[in-house]
Amino acid sequence: MRPFIFDSAATPREAIETAQAWNSGTGTTHFLAGGTTLIDLMKLDVMRPERLIDINPLSSSNFGRISIGEGGLWMGALVHMADAAEHPDIVREFPAVAQSLQLAASQQIRNMATLGGNVLQRTRCPYFRDVSYHECNKRVPGSGCAALDGFSRSHAVLGTSDQCIASYPGDFAQALIALDAMVDLAGPGGVRRMPFAELHRRPQNRPDLETVIQPGELIVSFFVPATPLARRSVFLKVRDRESYEFALASAVVGLDLNDGVVRDVRIALGGGATVPWRAAQAEAVLKGSALDEATQDAAARAAFSGAQAREHNGFKIELGKRTLKRALAQAAVMEF
């Protein structure tokens with residue numbers, strides 16, 4: 001047990017100012033919401049915060065609300081996964097968002113975990129989560145990457161570097177990046193809005209820097225625009241067992257079809273990338289084309305054209321292609 005200071009914030013400003021004051025020194029502080037990832041990593045001695053700031057009291061404000069209007073879907077960062085997954089308007093108008101949450105974790109965890117925490121969850125790479133392995137650039141910057149020459153079955157084939165091949169574990173983020181979502185962040189400098197696609201950083205030479213969130217900033221909300229792509233959207237997840245498991249491959253597809261021709265499309269891939277992954281090359285292949293088997297094959301090849309496999313995870317390339325093609329086929333036959 002490592003000692004830490006526990007605080008609670010009643011307002012966003014109080015949370016930000018407390019974090020800013022602590023981070024200006026030598027300590028490390030983290031915001032605590034559902035805690036379903038953070039507490040695990042503290043128990044494993046992977047994360048060692050010196051101060052936790054409980055932000056759950058903010059759930060009574062906009063942080064804990066869902067709103068759907070003509071413009072789109074607005075979800076506060078402290079909305080629980082279960083509440084968003086089961087919201088009838090989200091299920092009907094933004095099916096990929098609901099599906100990505102329904103197929104994640106157990107019902108008990110979905111009841112606790114928040115949307116903001118979900119998109120910030122850390123990798124399940126065993127070399128990151130087991131501190132007996134010193135070589136992990138995410139945990140100990142500059143120490144190396146044990147996964148490069150280790151057991152790599154669960155690791156990424158897209159967006160990797162010679163410093164890290166850990167896969168991003170989340171599902172909800174794939175729906176957000178595919179549907180052109182925006183994210184609002186609050187910090188010492190005020191509130192800023194940015195495309196969700198810009199939130200996560202590829203590992204490159206600094207795998208420990210996973211997002212562009214600045215010290216003292218916290219996620220306020222997500223906005224998903226209402227579009228034909230969002231209405232005809234599908235999340236498909238392939239994993240080792242039917243429930244309570246992370247994706248080996250997943251795909252989110254949003255389609256805008258006109259007489260069988262792809263007017264517009266959005267594709268995101270999960271399970272095989274270091275960050276939430278937008279497959280822009282596959283989208284370019286499909287736009288303006290008939291959605292036939294040949295076009296789907298070409299899109300799948302384009303989606304994984306830059307993939308780099310290690311000894312044990314090469315199967316993810318073919319599995320990812322098949323998963324994408326299945327998702328495209330399912331989206332094409334959706335009924336409204």
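Ala-251 is buried, with a relative accessible area of 0%. The model described here is predicted.

- Ala-251 belongs to strand 10, which covers residues 249-258.
- Ala-251 counts as buried because its relative accessible area of 0% falls under the 20% cut-off.
- Beyond residues up to four places away in sequence, Ala-251 touches Val-234, Phe-235, Leu-236, Ala-268, Leu-269, Thr-323, Leu-324 and Ala-327.
- Ala-197 lies 54 residues from Ala-251 along the chain, and the C-alpha atoms of the two are separated by 16 Å.

**Nonpolar cores**

- The largest nonpolar core comprises 39 residues, and Met-75, Val-119, Phe-196 and Phe-222 have the most contacts inside it.
- At least two residues of this core come from each of strand 5 (72-76), helix 3 (81-85), helix 5 (95-102), helix 7 (115-119), helix 9 (172-178), strand 6 (182-187) and strand 8 (218-225).
- Helix 9 contributes the most to this core, with six residues.
- A second, separate core has 29 residues, including Leu-291, Ala-299, Leu-324 and Ala-331.
- Leu-324, a member of that second core, is also one of the residues touched by Ala-251.
- Val-119, setting aside its neighbours within four places in sequence, is in contact with Tyr-168, Phe-172, Ala-173, Leu-176, Phe-196, Leu-199, His-200, Ile-219 and Phe-222.

**Helix 5**

- Six of the eight residues of helix 5 are buried, and the helix is thus mostly covered.
- The buried residues in helix 5 are Pro-95, Ala-96, Val-97, Ala-98, Ser-100 and Leu-101.

**Cavities**

- Two cavities of 30 Å³ or more are present in the structure.
- The largest cavity has a volume of about 80 Å³.
- This cavity is lined by 17 residues, of which Cys-125, Cys-136, Cys-145, Cys-164 and Ala-166 are the closest to its centre.
- Ten nonpolar, five polar and two charged residues make up the lining of the largest cavity.
- The second largest cavity has a volume of about 50 Å³.
- The lining of the second largest cavity consists of Leu-248, Ala-249, Ser-250, Leu-269, Gly-270, Gly-272, Phe-304, Lys-316, Gly-320 and Thr-323.
- Strand 10, strand 11 (261-270) and helix 13 (315-332) each provide at least two residues of that lining, and helix 13 gives the largest share, three residues.
- By class, the lining of the second largest cavity has four nonpolar residues, five polar residues and one charged residue.
- Leu-269 and Thr-323, which line the second largest cavity, are among the residues touched by Ala-251.

Notes: Residues numbered from 1 in each chain as written. Predicted model: local features only at pLDDT ≥ 70, side-chain atom pairs only at ≥ 80, totals over all residues. Heavy atoms only, no water. Helix = DSSP H or I, 4+ residues; strand = E, 2+ residues; numbered from the N terminus. Buried < 20%, exposed > 50% of the residue type's maximum accessible area, 1.4 Å probe, protein only. Contact = heavy atoms within 4.5 Å. Core = buried A, V, L, I, M, F, W, Y, C linked by side-chain atoms within 4.5 Å. 1 Å grid on protein atoms, 1.4 Å probe; cavity = no way out; pocket = protein on both sides within 12 Å on 5 of 7 lines; lining within 4 Å. Points joined across faces, edges and corners; volume = space filled by probe spheres on them. Nonpolar A, V, L, I, M, F, W, Y, C, P; charged D, E, K, R; others polar.
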